[in-house]
Amino acid sequence: MRYDNSVRLFLSVLYCLMTILYTPLIIYIPSLAFSQVSGINLYVVAVATCAICIFYTSLGGLKAVVWTDTVQSFAMILGVVAVTVLGTMDVGGVGVVLDRAAASNRLEFFNLDPNPLVRHTFWTVVIGNFFMWLSHIAANQAILQRCLALPTVGKARRALISLSIGISLFVVFSVYSGLVIYAKYHDCDPVYSQAIRKVDQILPYTVMDLANSVPGFPGIFIAGVFSAALSSMSTMLNSMSGVILQDFIRPLWGQRPLSELAASTIMKTIVVLIGSLCVAMTLIVDRLGAIIQVSRTLSGITAGASLGIFVLGMTVPWLNAKGVLYGGIASLFSAGFVAFGSQHALRSGTLRFANRPLSVDGCLYDFPATNATLNHEAVEEAFWVFRISYLYLTVVGFVTMAVVATIVTWITGPNDLSKMNPDLFSPYVQFLFPKKQQIPTDEANGVELKLLQKAAEAGE
């Protein structure tokens, strides 16, 4: 309503692109964990995982997704808490965890370096995460779909508050579990000693190492990992099928009414097709770098443009649809250029990050010699744009969107605020709109009196 149909279609394309890029990562993570624990081939697990998710998502729709997500959220929390508690007990307590992290310079809270090329600083974490989570919660079809499914605004607000609290707690537990894992393997790095193939396997490797102390512990962990993946994947597939049906298929259907049965069949077909495509794309994910940076990089390609369309649309009434559309396209290409350029630089070796100190002095087993360097220095030969912190990718997209949209709007002519509906904008910018011309009460009474006098004189 604020823009026109072209912006809506562009936003739908952005969401579909984000889903196709991000969902393979979601499939890959539990498949990698289960493969590490059970020894079953990674791709066999990926196919089975996706098949289960496609089945209940296409069969039950949004209601099935919400109920399974509710149950799965408890399994997620149980899994991460179990790893944290058992790992802490295994290394000798919280004090040991923090001491070993501090000794290797892994506790770094206030690195205030403003340089955006530094990978992790106080500013990249705070600012980058603020824009990323704002985009994920406030400008994401999957979240908005759930808010709209609730009966009142108050319940939607409470749902978002509980989501924010849950995310915060989960991030805290995840960060601490990382410190626990380092404390456990501080003198025998599993990657360099070739106990595992890549760093993403270190959590399931830890679980199997702790399995002897608690029977059934690997099962609890795997349940948590699969719950996290299935809940995210089912939400994305369900919302994406709705977007494709509403914004692409219905307009092509023409004036003919689309029955509920036909709509349901189309959505189920979309879920199966997109899910199958995402399974195939896990082959590519396995050849990329550390999964956290890859996931944030790929999701950041579209996040800046989506966030800009929502935020600027609610707060800057002068921006016209043409400016926003060109701004969104520029944002998509600029963020994509930085994202794929940085991934290429990492693969080619022109960009490499210095790691924190690692050691294999305490390994109690023999491992074959390797040419890999245990503690390597940073390599920064790549073009400076590709060295921008991956946490800033959403910010890059958002700023590009705002600048280009403003320039195009200025060239093509801004909106006339007198013709805009103020109800479509944030209450904080209502003062920008011209007030309706109203005749003061006293003046209106005087005009009415004169009209009555003239009517009396005319004998009316």
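Two cavities of 30 Å³ or more are found in this structure, a cavity being a set of points on a 1 Å grid over the protein atoms alone where a 1.4 Å probe fits but cannot get out. The structure is a predicted model, in which local features need pLDDT of at least 70 and side-chain atom pairs count only at pLDDT 80 or more, while totals for chains, interfaces and linings use all residues. Residues are numbered from 1 along each chain as its sequence is written, and side-chain values use heavy atoms, with hydrogens and water left out.

**Cavities**

- The largest cavity has a volume of about 100 Å³, a volume being the space filled by probe spheres set on the grid points, which are joined across faces, edges and corners.
- Its lining (residues with an atom within 4 Å of a point) comprises 14 residues, of which Ser342, Phe386, Ile388, Ser389 and Tyr390 lie nearest the centre.
- Helices H10 (291-315) and H11 each give two or more residues to the lining of the largest cavity, and H11 provides the largest share, three residues; helices are DSSP runs of H or I with at least four residues, strands are runs of E with at least two, and both are numbered from the N terminus.
- The second largest cavity holds about 40 Å³ of space, and its lining includes Met132, Arg296, Tyr390 and Leu393.
- Helix H4 (122-138), H10 and H12 each give two or more residues to the lining of the second largest cavity, with the largest share, three residues, coming from H10.

**Aromatic pairs**

- The whole structure contains 12 aromatic pairs, counted where ring centres of Phe, Tyr and Trp (its six-membered ring) lie within 6.5 Å; planes under 30 degrees apart are stacked, over 60 edge-to-face and the rest tilted.
- Phe337 and Phe386 form a tilted pair, at 5.1 Å centre to centre and 55 degrees between the planes.
- Because Phe337 lies in helix H11 (321-348) and Phe386 in the loop between strand E2 (379-380) and helix H12 (393-412), this pair ties together parts 49 residues apart in sequence.
- Phe386 is buried at 16% relative accessible area, whereas Phe337 is partly exposed at 47% (buried is under 20%, exposed over 50%, partly exposed in between, with a 1.4 Å probe and protein chains only).
- Phe109, Phe110, Phe122 and Trp123 are linked by ring pairs into a cluster.

**Charges over rings**

- Arg106 lies over the face of Tyr182, 3.8 Å from the ring centre; the criterion is NZ of Lys or CZ of Arg within 6 Å of the ring centre and within 35 degrees of the ring normal.
- The charged end of Arg119 sits over the ring of Phe353, at 4.3 Å from its centre.

Definitions and conventions:
1 Å grid on protein atoms, 1.4 Å probe; cavity = no way out; pocket = protein on both sides within 12 Å on 5 of 7 lines; lining within 4 Å.
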